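Colleague: I would like to learn how to read helices in a model. Can we go through some together?

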Amino acid sequence: MRDVSWERWARGMGVVFAVLALIGFLTFGEAPKLEDSAEDVASFYRDNGGRVLAGLTIFAFSFIPLFWFIGAIANALRLSGESRLAATAVGLLATWAGAQLVFAAFAAPLAISIADTANPEISQALNGVGLAVDNLSAFALAGTILAASVGLTRARVLPAWFLSFGLVVAVLIVLHGTNWADEGFWSPGGGYLVVVVAAGLLWTIVASVLLFRAPLITDPAARPRDVAA
């Protein structure tokens, strides 16, 4: 019974991640865009260093419940006979998380000292590299959502409509990988980033709530289609 309880709460960790990640994003603030001048980039990190570091720390901490959550998804998929999709989802999420930590590894030194002491062009270059890494990581995140959505619905752990929902979210996120305009809404760090964050967090919350309420499978031989209502 205790193991069952832990499994259900692990499924709910997606909501905890979403809350912490949102707090981290709001604390960090609106990062400089690719088209911003070198002086504007340096000024942002110089004037908001404490806020940037706090936001990065909260966001990094949110990975703990996130991986607990993806572990619960992987476990549900494995017990449902979808081991390949379970491994795919975990691997792709790890890739995305690694890319986000690379972004943090560029942003944190800017907030600590580089923006204060280095040439503004260096701050601009590091910020641009971080934005490019974030753009490219969209493919891994979209793949995670797609693998989880396909697996959970194919195994009938979640209702059929969740697959369509997951496909829409995956498309919205994968488009972030094409945000290479010189300026404006479609540029790296531009307005489309808000769409990506909102879509990703919404999918996580919906998946977490549905999984929390779904029947648990404690017998590896039992398929969800046999126990689902």
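Colleague: Which residues are buried in H9?

Modeller: This is a predicted model, where local features need pLDDT of at least 70, side-chain atom pairs count only at pLDDT 80 or more, and totals for chains, interfaces and linings use all residues. Residues are numbered from 1 along each chain as its sequence is written, and side-chain values use heavy atoms, leaving out hydrogens and water. Buried means under 20% relative accessible area, exposed over 50%, partly exposed in between (1.4 Å probe, protein chains only). Helices are DSSP runs (H or I, at least four residues), numbered from the N terminus. In H9, the buried residues include Tyr192, Val196, Trp203 and Leu211.

Colleague: Where is Thr153 found, and is Thr153 buried or exposed?

Modeller: Thr153 lies in helix H7 (residues 120-154). Thr153 is buried, at a relative accessible area of 13%. Contact means heavy atoms within 4.5 Å. Leaving aside neighbours within four places in sequence, Thr153 contacts Leu158, Pro159, Ala160, Phe162 and Leu163.

Colleague: How are two packed helices described?

Modeller: By the angle between their axes and the distance between the axes. Axes are lines fitted to C-alpha atoms, for helices over the stretch in contact, and angles run from 0 to 180 degrees between N-to-C directions. H7 and helix H8 (residues 161-174) pack at about 175°, with axes 8 Å apart. They are therefore roughly antiparallel. That term covers angles over 145 degrees; under 35 is roughly parallel, 65 to 115 roughly perpendicular, and the rest oblique. Among the residues making the contact are Ile145 and Thr153 of H7 and Phe162 and Leu163 of H8.

Terms used. Helices (H or I, at least four residues) and strands (E, at least two) are DSSP runs, numbered from the N terminus.
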